[in-house]
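The following questions and answers set computed values against the definitions behind them.

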Amino acid sequence: MEWAWLIPVFSFAAAPLIVVLGRVLPGSGSFLAILAIAAGFALFWWVFAGFLGAGAGTENCLVSAHTGTLTCHYQMAWFHAGLAGAAGSVALTWGIIVDPLTVAMLGLVTFVALMVQIYSLGYMRGDSRFGWYYAVHALFAAAMLTLVLADNFLLLYVAWELVGICSYLLIGFWHERPAAKEAAKKAFIVTRIGDVGMLIGILLIWREVGSFSMFDAFEAVSSGAMTEGVTTVAALLLFLGAMGKSAQFPFHVWLPDAMEGPTPVSALIHAATMVVAGVFLVARVYPIFSAYDGDALLVVAVIGLITALMASTIALVSVDLKRILAYSTISHLGLMMLSLGAFGYTAAIFHLLAHGFAKALLFLGAGSVMHGTDELDIRKMGGLRKVMPMTAFLFSLGALSLGGIPILSGFWSKDEILLAVNDHLNPAFIILALLTAFLSAMYMARAMFVTFFGNLRQEMEHAHESPASMIGPMALLGVLAAVFGFVGFNWPGSYQGIGSFLFFHEAEGFHFNWWLGILSMILAVGAFVLGYLIYIKDRVSLEGFRARIGGLIPVVENKYYFDEAYQWVVDRVVLVFANFIGLFDRIVINDLAVNGPANSVHRLGIAMRLHVTGHVYSYAMGMVLGTIALSIFWWFRSVS
């Protein structure tokens, strides 16, 4: 397990090699990125096997008092600031954590990144920046893997920002397109807002604890060294960073625009890297969030529910296939946050994994559609299963899984979230969560039926199936989208479902709430049946429904006018205030405070130098006039 640090190193090494040697290497060096992540995936299994064989007596491993899970910690000194032992001195280390959360994330990131990079061989073939694409891809994966392994807030923050930079480069990969440039800047700026809050939270923890170590922070919380108020504020500040990266309300606006990047990038961002980083962060520092009865978790739950419900409604009216999937991602990330806020730690990570496999499959399926049709507007599609049968089958498998159809993976993980919400939160939360589950199935049914079923349009007859390099990764992801949910079951032996491996404080075997599970099943199946009747059979008309809520439809279609509101704030508040500050800086600071005294001295110097003529008679005249003036002055003084 101590070799887990090599998993990101492989990809870190591949990135500069591709940049430097890509022009002379076959395939522009793309094979280096693929070999690096493949080596990381292989090493993951070695680490996983080592972790399963480890115990509390294993060197550097113990059962954490803060999480209740076996945790292995490896670190080395980096540098020491200040005198050792003196007040204010800081010892900084590089270290990694290997625990169930780390192992789960390592498997997800390495596998999905490997599938996406293999898929990209076909999708990105012929691009003029093919090598650069793979170099940034490798760096992106390496940064996310480092973030997952980090044992201290400083290393985590460095990796966190590197993930943001790589996403900026990949979203704006086709920077010759104005929309791609704007989308990249938007993603970078919006996520930075949250990152500032996260940085302040990290500095607050360091001020209270005197260390960047997560374990020291957890100990300070459990011992009471960090008070309830400070702990809650620190948790909420960290959550700001998570909200930005995981596109939570109101920072969700960047994610749909990120679709301007290459589709394989969208698959990687939405399934295994940037957007799941926020969910991972909350899970990693869960001892801080859950301390003092988990005051901060209520905020997490509320934000998650608002995000999930809002995004699911927008997905129902979107017409771009990739944007439908983008809003689907936002909605499911909201569900994960809702689960964490409801003390459903295992359910949230279980759904993160199941969603990751299904969402990667769906985005790669959307890329296959784009590759075969040069189109993403679902209004221009229909019947594509006749010309793209494998893509249609695999996309439908991912849609059914994410829609919560039994017995696919998404059904089991979503059921666990609903169970946690029902057990720990106000009944209003479970009602709205069930509504979100129905809408989730509904927009998946819409995307699937409108795109692949019905009659084949004449303008789509030219469509063709994608090459094996694209279908192969989709098929492997399809297998996991179908069967991964079974890891939640109790199996013969000591394995009692994923809750016996990945949990917080107490292991919990698989259990099924029948009334909630059946209700969830009815809602999911009912949504797909309703979608079939609406979009395929045309037996159910939406006109009456639209007429009843006619005023709401434009609001949802315009994404609740968040972009317009932000643009208004930028134009009318930010820029006006910036102009005022600029004017104040020029007039008050520059002209009066800085340049004013200098200009006064300059003008005084010019005035005073007028008497310096260089002529003797001028100086003599000055002396005479001065003598007369002094004489008159003393005469008046003597008289008075």
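Q: What makes His332 and Leu402 contacts of Ser440?
A: Contact means heavy atoms within 4.5 Å. Leaving aside neighbours within four places in sequence, Ser440 is in contact with His332 and Leu402. The model is predicted: local features need pLDDT of at least 70 and side-chain atom pairs count only at pLDDT 80 or more, while totals for chains, interfaces and linings use all residues. Residues are numbered from 1 along each chain as its sequence is written, and side-chain values use heavy atoms, with hydrogens and water left out.

Q: Why is Ser440 called buried?
A: Buried means under 20% relative accessible area, exposed over 50% and partly exposed in between (1.4 Å probe, protein chains only). Ser440 has a relative accessible area of 1%, and is therefore buried.

Q: What joins the side chains of Ser440 and His332?
A: A polar contact is a pair of N or O atoms within 3.5 Å; within protein, one must be able to donate a hydrogen and the other to accept it, and residues adjacent in sequence count only if both atoms are side-chain atoms. The side chains of Ser440 and His332 are joined by such a contact, of 3.1 Å.

Q: Which helix holds Ser440?
A: Helices (H or I, at least four residues) are DSSP runs, numbered from the N terminus. Ser440 lies in helix H18, residues 427-452.

Q: What span is expected of helix H2?
A: The expected span is 1.5 Å times one less than the number of residues. Helix H2 (residues 30-53) has 24 residues, for which 34 Å is expected; its reach from first C-alpha to last is 35 Å, close to that value. Among the buried residues of H2 are Gly40 and Phe44.

Key. Helices (H or I, at least four residues) and strands (E, at least two) are DSSP runs, numbered from the N terminus.
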